[in-house]
Protein chains: 2
Amino acid sequence: MNAHSQDEAQPGHVYLVGAGPGDPGLLTLRALALLQTSDVILPDDLVSDEILALASPTANIIPVGKRCGQPRITQAGIHDLMREHTAEGSSVLRLKSGDPLVFGRAGEEIAALREANIPFEIVPGISAAFAVAAELQTPLTDRSSASKLIFATAHHAAGKLELTPKWTGAFPEDATLVIYMPGRNFRALADDLIASGIPANTPCVAVSKASTPEEHVHASTLATLEDAAVGPAPVVMLIGHAIQVT
Amino acid sequence: MNAHSQDEAQPGHVYLVGAGPGDPGLLTLRALALLQTSDVILPDDLVSDEILALASPTANIIPVGKRCGQPRITQAGIHDLMREHTAEGSSVLRLKSGDPLVFGRAGEEIAALREANIPFEIVPGISAAFAVAAELQTPLTDRSSASKLIFATAHHAAGKLELTPKWTGAFPEDATLVIYMPGRNFRALADDLIASGIPANTPCVAVSKASTPEEHVHASTLATLEDAAVGPAPVVMLIGHAIQVT
């Protein structure tokens, strides 16, 4: 173990850290050291209770999501909390589910930290797709059928779900597609993907609450994906011929 | 910490585990528990000495890469080692750099384990791109400019380096491209990408030996990328407008 990975959280510093998908076993050693030594912890909604239970008993945990029925804090409000607590000399752990630099608003948080001259460290985390593939025991790429791995997200616009923005041009045949935050209209999303040129018989797995005891898996093809068969949010979808769920 | 993540490696089981990019602080808690309790460890070339130093002092470590000037073991040879040692009742840790299910030959190892009826567990790891982005303090996606993240690899065919297989159709404008194993002909690869439609002024960062003390960063654009300025293998490249190296 190198010295750095065991360093305690430092006064006046912010740590932007990925907590992984939920299972505490998928925390990194660096994330655990910071969780155990930070004064203030700002977790997203999706960070699990099992992970927060590893924090110092004296830590001030301020949820910055919809958790506990609180009104959602704004992005600017999160920046304010980081500034206020570091100004008081506290170490602040900004804990995000998965990896902090993918499909979060890390760019805005980094800009706010730089503007306020707050020293910060970023620690990567296991993004849900990797945890899901490990649990399903399926490769994400394959030398013969999937030489590219594409992470995308979906959003709701004008009452219809679509990739953000839509895929333009031919979709590569040799790719595995991972979709984060697919919303709830899975059938419409699958139809969009088929319309983008992905064959209807392509394997598709929708995993709900990955890496938690409530995990639920719906394995289908794009053609046979059923809205009602998919578990509650958060959901991640894996689509492609490399994906083999037995 | 849940019970599962601290379980010792079990006799006759294989653990296909991601070791992350090199920094021991980026190991997962589950990977550490298995490293400390496995009887036999089969590491790839790129697994760092600092990580192997965390293994049990009684572990039998059998490198299955080019390390130490040994001739490279074949994929079938790795399967034989897994079968032989589990048949003797040993627990076997197959330790891969990064994540085990991306751009490795995990599909073949999973098939071999299933065929031999060997019980196995897969543990995800931090893939290099996430560690590189964290160190460079740059987001990988951005709500305004990069809503897709594409992982690809390059190979050498007929004396020329290209994406495997080549990108077909228009390259999406709103993507960040990560290239693993880009080979050494970076200039030719950048020219291929420009020819695929990626603007020549797109930011491009080539990181050598990510997350180790020898890490080396060459920040440029696709137009100004220079072969001679890139450090030794392994190299990972991040390309896109979300990538901001200050």
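Mentor: A residue is called buried if its relative accessible area is under 20%, exposed if over 50%, and partly exposed in between (1.4 Å probe, protein chains only). The model before us is predicted: local features need pLDDT of at least 70 and side-chain atom pairs count only at pLDDT 80 or more, while totals for chains, interfaces and linings use all residues. Residues are numbered from 1 along each chain as its sequence is written, chains are lettered from A and ligands numbered from 1 in the order in which they are written, and side-chain values use heavy atoms, with hydrogens and water left out.

Trainee: Are B:Lys96 and B:Glu109 buried or exposed?

Mentor: B:Lys96 and B:Glu109 are both buried, so each has a relative accessible area under 20%.

Trainee: What makes the meeting of B:Lys96 and B:Glu109 a salt bridge?

Mentor: A salt bridge needs a side-chain nitrogen of Lys or Arg within 4 Å of a carboxyl oxygen of Asp or Glu. For B:Lys96 and B:Glu109 the N to O distance is 3.5 Å, so the pair meets the rule. B:Lys96 belongs to strand S4 (residues 92–96) of chain B and B:Glu109 to helix H5 (residues 106–115) of chain B, so the bridge ties together parts 13 residues apart in sequence. Helices (H or I, at least four residues) and strands (E, at least two) are DSSP runs, numbered from the N terminus.

Trainee: Why is B:Arg105 called partly exposed?

Mentor: B:Arg105 has 30% relative accessibility and therefore counts as partly exposed. B:Glu108, also at 30%, falls in the partly exposed class as well. These two residues form a salt bridge, with their closest N and O atoms 2.9 Å apart.

Trainee: Which parts does the pair of B:Asp174 and B:Lys148 tie together?

Mentor: The side chains of B:Asp174 and B:Lys148 form a salt bridge at 3.0 Å, N to O. B:Asp174 lies in the loop between strand S7 (160–163) and strand S8 (175–180) of chain B and B:Lys148 in strand S6 of chain B, so parts 26 residues apart in sequence are joined. Both B:Asp174 and B:Lys148 are buried. Over all chains, the count is 16 salt bridges. In chain A, a network of salt bridges links A:Asp44, A:Arg94, A:Lys96 and A:Glu109.

Trainee: Why is the aromatic pair of A:Phe151 and B:Phe151 called tilted?

Mentor: Rings of Phe, Tyr and Trp (its six-membered ring) pair if their centres lie within 6.5 Å; planes under 30 degrees apart count as stacked, over 60 as edge-to-face and the rest as tilted. The structure holds eight aromatic pairs over all chains. In the pair of A:Phe151 and B:Phe151, the centres are 5.3 Å apart and the planes make 45°, so the rings pair, and the angle belongs with the rest, called tilted. This pair crosses between chains, from strand S6 (residues 148–157) of chain A to strand S6 (residues 148–157) of chain B. Both A:Phe151 and B:Phe151 are buried. Ring pairs also join a cluster whose members include A:Phe103, A:Tyr180, B:Phe103 and B:Tyr180.

Trainee: Which residues touch the most other members of the largest nonpolar core?

Mentor: A nonpolar core is a set of buried Ala, Val, Leu, Ile, Met, Phe, Trp, Tyr and Cys residues joined through side-chain atoms within 4.5 Å. The largest has 119 residues, and A:Leu35, A:Leu95, A:Phe151, B:Leu35, B:Leu95 and B:Phe151 touch the most other members. Another core, of 40 residues, lies apart from it and includes A:Ala152 and A:Val230.

Trainee: How do you know that strands S2 and S3 of chain B pair?

Mentor: Two strands pair if DSSP finds at least two bridges between them. Strand S2 (residues 40–43) of chain B and S3(B) have two bridges, in the parallel sense, so they meet the rule. The open sheet of five strands runs S3-S2-S4-S1-S5 in chain B, with parallel pairing. Its edge strands, S3 (60–61) and S5 (120–123) of chain B, each pair on one side only.

Trainee: How does the reach of helix H4 of chain A stand against the span expected?

Mentor: The expected span is 1.5 Å times one less than the number of residues. H4(A) (residues 75–87) has 13 residues and reaches 19 Å from its first C-alpha to its last, close to the 18 Å expected. Just after H4(A), A:Gly89 has a positive phi of about 90°.

Trainee: What makes helix H6 of chain A largely enclosed?

Mentor: Eight of the nine residues of H6(A) (residues 128–136) are buried, so the helix is largely enclosed by the rest of the structure. Among them are A:Ala128, A:Phe130 and A:Leu136. A:Gln137 follows H6(A) and has a positive phi, near 55°.
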